[in-house]
Amino acid sequence: MLPIQLAETERDDFDGPIVELWRGDDFVGMIFWDGGAPIVQIYPDSDGDVQDLDINELQRLLDTAVRIVDPTATEDEFADLRNAVAEANQDDALAAVHPATTELLAEFDDLAVYRTQDGEGFFPKPVAEAFIAKCEELDLAVVEMEGFDLEGDTLVPRPKLDLQVTPQSIMGWSEFRTYANATCQDTLRGWRSRDTLVIAFVFQQPDTETIVA
C-alpha cells in the first residue's frame, strides 16, 4: 500500500488553507477548518471503492494537517510545518518508490546471470517472463527491453532484439502499465529461446521515474 502524502492548497470557496491527502495519483480526502473545528472528508478511490487507511499513518497525518489549517496558528508555526511537510513528502515519495521496486528487485536480483560494473542485470528468458509478470502485479511497467547473447563473460548485442514502449498520452497509468507489460511479454515470446539469450530491462514506476533492473 502506497503511503499517503500531504499537500497544502487553497480554494476560492474556503477561507483558510486546505490540506489534501493523496496516495500516488489517487485523491484520498482533505482537511479544513469549519465552524471553529477541523473537518476531515474521506473520498472513495478512483474506482469508487472504499479506501483502506492505516490508522497510525492517518493519525499522524491528521495531527499535522490540523495544525496547518488551525487559524490560530502563528506564521512561524506555519513555516515550521510547511518545512516539515515538505520533508515528510520527500521521505514518503521515496517510500512510495521503494515498496514495489524493493520487492521486485529483492525477488529478481539474485536471478540475474550477469551484471555489469554499474549494476545492470541480465536475465534468462524464463526469468525475464516472470519479471514482466511481477511488474504488472506490482504496478510497475517495463518500458525498455533488450536481448543479448551471453557467451562466457561476454555480452553480444542482438540489434534486432530491442524494444522501447512509448507512453501514450490518451492512456492513464494503469492502462499504460498493462499495455507496456503485455507488449513486452508478447515481444519476448517471439524471441527464439536459446541457452545464451539474456534480457535487460528498464522499468517505470507510477511517478514516471525509470529504473534499470
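Predicted model: local features only at pLDDT ≥ 70, side-chain atom pairs only at ≥ 80, totals over all residues.
Mentor: Two strands pair if DSSP finds at least two bridges between them.

Trainee: Which residue in β4 is the bridge partner of Met30?

Mentor: Met30 is bridged to Gln41 in β4. This bridge belongs to the pairing of β3 with strand β4 (residues 37-42), which is antiparallel and extends over 6 bridges.

Trainee: In what sense do β2 and β3 pair, parallel or antiparallel?

Mentor: In general, strands of a sheet pair through backbone hydrogen bonds, and the sense may be parallel or antiparallel. Here strand β2 (residues 18-23) and strand β3 (residues 26-34) are antiparallel, with 5 bridges. Leu21 has Gly29 in β3 as its bridge partner, and Arg23 stands opposite Asp26 in β3. The hairpin of β2 and β3 has 2 residues between the strands, and Gly24 takes a positive phi near 65° there.

Trainee: What is the order of the strands in the sheet?

Mentor: The open sheet has 4 strands in the order β1-β2-β3-β4, with antiparallel pairing. Its edge strands are β1 (5-9) and β4, each of which pairs on one side only. From one strand to the next, the twist averages 25°.

Trainee: Where do the side chains of a regular strand point?

Mentor: As a general rule, they alternate between the two faces of the sheet.

Conventions: Residues numbered from 1 in each chain as written. Heavy atoms only, no water. Axes fitted to C-alpha atoms, helices over the stretch in contact; angles between N-to-C directions.
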